[in-house]
Structures are given as C-alpha cells and as structure tokens.
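Have the model open as you read.

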Amino acid sequence: MTDILGGTKAGRALAVTPARIASLPNLPLFHKLQGRKVVVAGSSQGALWKAELLSASGADVLVLADHEVGASLYRDLAARPVSGPVTILPREWTEEDLDGAALAVADIADRDAALRFVAAAHAAGAPANLIDQTDLCDVQFGTIVNRSPVVLAISTDGGAPMLGQSIRARVESVLPLGLSGWAKAAQKWRPLLKQRFRSFQDRRAFWQRFTALAWANVDRDPVDADFGALVGGVNPEQRNGIVTLVGAGPGDPELLTLKAVRALQSATVILYDDLVGPAILELARREAQRVAVGKTGHGPSCSQAEINRRIISLAEAGENVVRLKGGDPLVFGRATEEVDACRAAGIEVRIVPGISAAQGAAASLGFSLTERDQARRVQYVTGHDTGGDLPATIEWKAVADPDTTTVIYMPRKTLEHFTAKAIAAGLDPETPAVAVASATTPDQGQVSGTAATIASFAADLPAGAPVIVILGRVARERPALATDLPEYSQMSLAS
Ligand code: SAH
C-alpha cells in the first residue's frame, strides 16, 4: 500500500522525524537582568537570598519590605550589593511599584494576597515568582553552580529542592574553579577570532583546540600567549603531556580530594598501584586508558625504572598522565623518584596530595594521632626495606619514646621482630597498639592489643589486605566512629 508521500507503510514510519528531546516541565532560559528593574516583596531569609541573587545578576532591585523590621533584614545587602543596586522601602507593595518591572518576586504566605501580587505582576507585564508556592510561579529559580560566565542551573520543578542541592554539591566538586578564567578569555578572544579566521571551519578548529587546552590547563589562568599559540594552530595535543601524581586516599572514594577527582577526569592515561580499588577508578574519565603497575612486593610487578620510563614516554606522546597512588603519594610512595625522572626528561609534573592510611585509620577509629599529654610526636615508619626485611636503620630509641605515636606501614612480615626490638629498646610492653586492615573501606577490620601482643593478633587479619599498625598511648581501645556523613545535613539557601 502506498500513501500520499508515495512511501510504503514502513517507509512512512521512517519519514517521521523522531523527537530530539523528551517533554520538559519548564524551559530553562537565562535571563539578562543588567540594569533592569526587579521587584522583591516581603521580608524573609528566602526573599533576601533572591534579592542577593538578583543583585548578583545586575538587576536594579526594589525591595518592598513590609515594615521597618523587615527592611533591616536587607540593610547589609543594600549597603554592599553584589552587583546591581538594592533599594529598600519599608512598606507593603503597591501596584505602581511593579510598573516597568522585568520580574516580580514575593514571599507572601497569605494565598489571596499572593494571588493579588501575581495579578498585579501580570498587569505590569512581569512574570512572577512566589517563594514556596510553585503553582503560582511563572518562573522558578534554579540551584546555581557559578563559574561565571559559565553558569549551571539545576531544577527539580519544585519537587525536591534538597535533591537539587545534592546534585549541585556533586557538580561543584567536579567543575574546576579555573573554568571561569578560560570562559572569560573565550569571551575576550571571540571578537578577535572573527578577524583572524574567515571560515567557519577554521574558527571551529580553533575552539576545539581552545577546549582541549582549557581542560588541560584549568588550574592556571589563560594568558595572551595561549591565544597566539591557538591561532597559530599549534595543536596542544602534540605538545608533551603533563604528569600528575595523585593521592587516591586510603580506600574510601569519598576521601579523594576535589583536585584528585578532577585530575582523574581529565586524564588520558592512568597508571595505578594495586592498592587503588575499582570504586576509585570508576571516577576516572571513561575513555582514559587504565594501566596497572602494581608494586606490592608480591607477584609480578613493574620495576620503578620501568614505571618511570612508561610515564615519560606516555607524556612525550602527549598523554595527560595520572600516576595514581594509594594514600598520599608523598608517604612511602616513591614520589620523588618519579618527579625527578619527569624533571630530568623535561616533562611538567604536579602532585595532588592525598589522605594517608594513618589519617584514614585514625579517623575511623576515632582518635588523634597526637594528643595533649599523650603524644607530642608522630612518626611513620616502614616495616620493610627494599628486600622485604625489617629496615636495619630504624632508630629504636625513638620508637620506645612513650610520648610518641608510631605508625608502622607495611608491617605484616616483620611486626613480631619490630615490636620485640622496640620493647628491647625500652618501649613499655603494655603500650596500646591497634592493627587496622583495609582502613576506610567496607572490608575494614582491626585488632587491638599491646606492643607485646599485637603481632600475634594482627596475624588474624585477612591475608593480602593492606595493614597499618598504630603504636602509642593514643591507640588505647575505644569505640570506633562512623565515617559516612549524614547526607546533606545542612540545608542551604541555595535553591
Ligand atoms: N602512600 C600510602 C602508603 C603506601 S605503602 C599512604 O599514604 O597510605 C603501602 C602500605 O600502606 C600498605 O602496606 C599498608 O601498610 C598501608 N596502607 C595503605 N592503605 C591502607 C589501608 N586502607 N588500610 C591499612 N593500611 C593501608
């Protein structure tokens, strides 16, 4: 059968253009308010926040604050407006106040009074926003992530403002502050570009190079030389890549720093140690190549020289290399060797510190590593030398000092020997000690004892799990703490 378009039934189905977007509750638009009059009626923290937002957007804000007491709420903002001026009148709003307004915002609990405000706003040609009365709103404020001139606004259509805030918290953590500087530079360079490049293709290629350069250098401000290089067509991809040594923290992915997450999200290659779990790698850019370069001392592993060679050759090929290490890269992480190798090869290298196993373990066990009158010093000691034996150069007197906390990394094979030597050097055998396995992960386990007993207790911890031992008066036994945060315990006014 043929139809009017001359196609078969199946052909006709194909001729219908599929919708490019599912239906929306509201259309997000970005409202230019510079120099335009906006009315805010009412006096409440919510109305004050809206007035602040409106001033930040450059609006000329007229506040009808009901009375003197209400007006005092806005005094600081009016004295130091974010951007647009804020004028306060200590009386109720009237229809005339809305003349010429581009937008009318009010916090009016009484339904009839709120409806009168909406009607007056409409009569003046202004869309209305009634705080906490979504059904009366022509327009709604989003929860804002501000990297001006880049602005993100999140809406849940009034359904779940707190969910909106939690989304904001997540987005804030992955969008670098430096984005702002690059977007400002783009605004400045855009008109110049029209003069340089006639063709659309050339301008498009410029913006592709710009975008790659911005993400790779988001931690520094753009400079005019960047524009020169981009216009000259120097492909940033063809330059040497950079190397970032990143601390992955002790295990809980939420203990990554914001910088660590960002580094993972802009990496093209990630070389990771076997202490780094899959939940952390999950946060990396999907397209990033992941290479295990485990070096636990057991099983096949890359030598340090081999790792250094790989890092350098990847960076020389233009890759953005993240060298991801458990805990803090600067604690028993051979960071200096890798940094020196990069420097010698002329490769730019950076370090993002992380939370070391000692801090992660102490936090979950709920004690300080230092404590007034108990420990005036903390020392991190390795239980391993390069051959896997107890290092011959440990200063046992320092371990025996009763006012010290000693954290033993890589203690498993040598702990008995370690504690015996410390006790022989004068450490009180009754000194509290705790051995913690897989600290901050769901598999965390710990055993408590004393300098004399901890080695035999620690032997019961799961084979293969990373373990540290904390030795000293601070490690006396006490109930462990929860380490997860109550989700969004603080309401903010950001919605
Ligand atoms: N740079 C890391 C230490 C690397 S050395 C840091 O700052 O934590 C590897 C040793 O760290 C392991 O043998 C173990 O002693 C310790 N370790 C690392 N993560 C750990 C964890 N989650 N729980 C207990 N010990 C851990």
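The buried residues of α5 are covered by, among others, β1 (37-41), β4 (103-106) and β5 (128-130). Contact here means heavy atoms within 4.5 Å, and helices (H or I, at least four residues) and strands (E, at least two) are DSSP runs, numbered from the N terminus. This is a predicted model: local features need pLDDT of at least 70, side-chain atom pairs count only at pLDDT 80 or more, and totals for chains, interfaces and linings use all residues. Residues are numbered from 1 along each chain as its sequence is written, and side-chain values use heavy atoms, leaving out hydrogens and water.

| Part of α5 | Residues |
|---|---|
| Buried | Ala113, Ala114, Phe117, Val118, Ala120, Ala121 |
| Exposed, on the face turned away from the buried side | Arg116, Ala123 |

At the N-terminal end, Asp110 caps α5, with a side-chain oxygen 3.3 Å from the backbone nitrogen of Asp112. Just after α5, Gly125 takes a positive phi of about 80°.

Now for that arginine: Arg262 lies in helix α10 (residues 258-266). Arg262 counts as buried because its relative accessibility is 15%. Leaving aside residues up to four places away in sequence, Arg262 touches Ser173, Val174, Leu175, Pro176, Val218 and Asp219.

Conventions:
Buried means under 20% relative accessible area, exposed over 50%, partly exposed in between (1.4 Å probe, protein chains only). A polar contact is a pair of N or O atoms within 3.5 Å; within protein, one must be able to donate a hydrogen and the other to accept it, and residues adjacent in sequence count only if both atoms are side-chain atoms.
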